[in-house]
Amino acid sequence: QVQLQESGPGLVKPSQTLSLTCTVSGVSIITSDYAWTWIRQPPGKGLEWMGVIAYDGSTYCSLSLKSRTSISRDTSKNQFSLQLRSVTPGDTAVYYCGRASNLMSSTSYWGQGTQVTVPS
């Protein structure tokens, strides 16, 4: 069974960097053709796709966030990570990691999500 678990600080100060890690079990993150995603949901708003790292290590990020977003992976630990720099209170959200069947597919497996708060 595929399992995904987000981890990282629940509170990040304004102007600092939000860093989260997704630990994957049940499948290797280098398995063709899977894509590993980050999605967030601010309070009272809809889901926002942030970015993805494919099984071959290629990355793609939302146009609105890419200037301050980095996605990376550690294949030896079967983990992938998100960094969001220069955060503001507008970045307060529940952050999810997930898996899609390929780069053109929607996320079909999700972690439970983790709350990250940027105070004002």
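The legends below describe close-up views of a predicted model.

In this predicted model, local features need pLDDT of at least 70 and side-chain atom pairs count only at pLDDT 80 or more, while totals for chains, interfaces and linings use all residues. Residues are numbered from 1 along each chain as its sequence is written, and side-chain values use heavy atoms, with hydrogens and water left out.

**View 1. The disulfide between Cys 22 and Cys 97**. The sulfur atoms of Cys 22 and Cys 97 lie 2.1 Å apart and form a disulfide, a term used for a pair of cysteine sulfur atoms within 2.5 Å. By this rule the structure has 1 disulfide. Cys 22 belongs to strand 2 (residues 18–25) and Cys 97 to strand 8 (residues 93–100), so the pair links distant parts of the chain, 75 residues apart. Strands (E, at least two residues) are DSSP runs, numbered from the N terminus. The disulfide is right-handed because the torsion about the S-S bond is about 60 degrees. Cys 22 is buried, with a relative accessible area of 0%, and Cys 97 is buried at 1%; buried means under 20% relative accessible area (1.4 Å probe, protein chains only), exposed means over 50%, and partly exposed lies in between. Cys 61 has its closest cysteine sulfur in Cys 97, at 15 Å, which is too far for a bond.

**View 2. The aromatic cluster of Tyr 34, Trp 36, Trp 38 and Phe 80**. Ring pairs link these four residues into a cluster. The structure holds 4 aromatic pairs, where rings of Phe, Tyr and Trp (its six-membered ring) pair if their centres lie within 6.5 Å; planes under 30 degrees apart count as stacked, over 60 as edge-to-face and the rest as tilted. Tyr 34 and Trp 36 form an edge-to-face pair, with 6.2 Å from centre to centre and 80 degrees between the planes. Trp 36 is buried, with a relative accessible area of 1%. The charged end of Arg 99 sits over the ring of Tyr 34, 3.9 Å from its centre; this term requires NZ of Lys or CZ of Arg within 6 Å of the ring centre and within 35 degrees of the ring normal.

View 3. Thr 37 is buried, with a relative accessible area of 4%. Its side chain makes a polar contact of 3.0 Å with the side chain of Thr 107. A polar contact is a pair of N or O atoms within 3.5 Å; within protein, one must be able to donate a hydrogen and the other to accept it, and residues adjacent in sequence count only if both atoms are side-chain atoms. Leaving aside neighbours within four places in sequence, Thr 37 is in contact (heavy atoms within 4.5 Å) with residues including Trp 49, Phe 80, Cys 97, Arg 99 and Thr 107.

**View 4. Strand 8 and its pairing partners**. Strand 8 is mostly covered, with 7 of its 8 residues buried. Strands pair if DSSP finds at least two bridges between them. Strand 3 and strand 8 run antiparallel and are joined by 7 bridges, with Gln 41 opposite Val 94 in strand 8. Strand 10 (residues 114–116) pairs with strand 8 in the antiparallel sense over 3 bridges, and Tyr 95 stands opposite Thr 114 there. Strand 9 (residues 107–110) is also antiparallel to strand 8, through 3 bridges; Ala 100 has Thr 107 as its bridge partner. A hairpin through 6 residues joins strand 8 to strand 9.

Key:
Helices (H or I, at least four residues) and strands (E, at least two) are DSSP runs, numbered from the N terminus.
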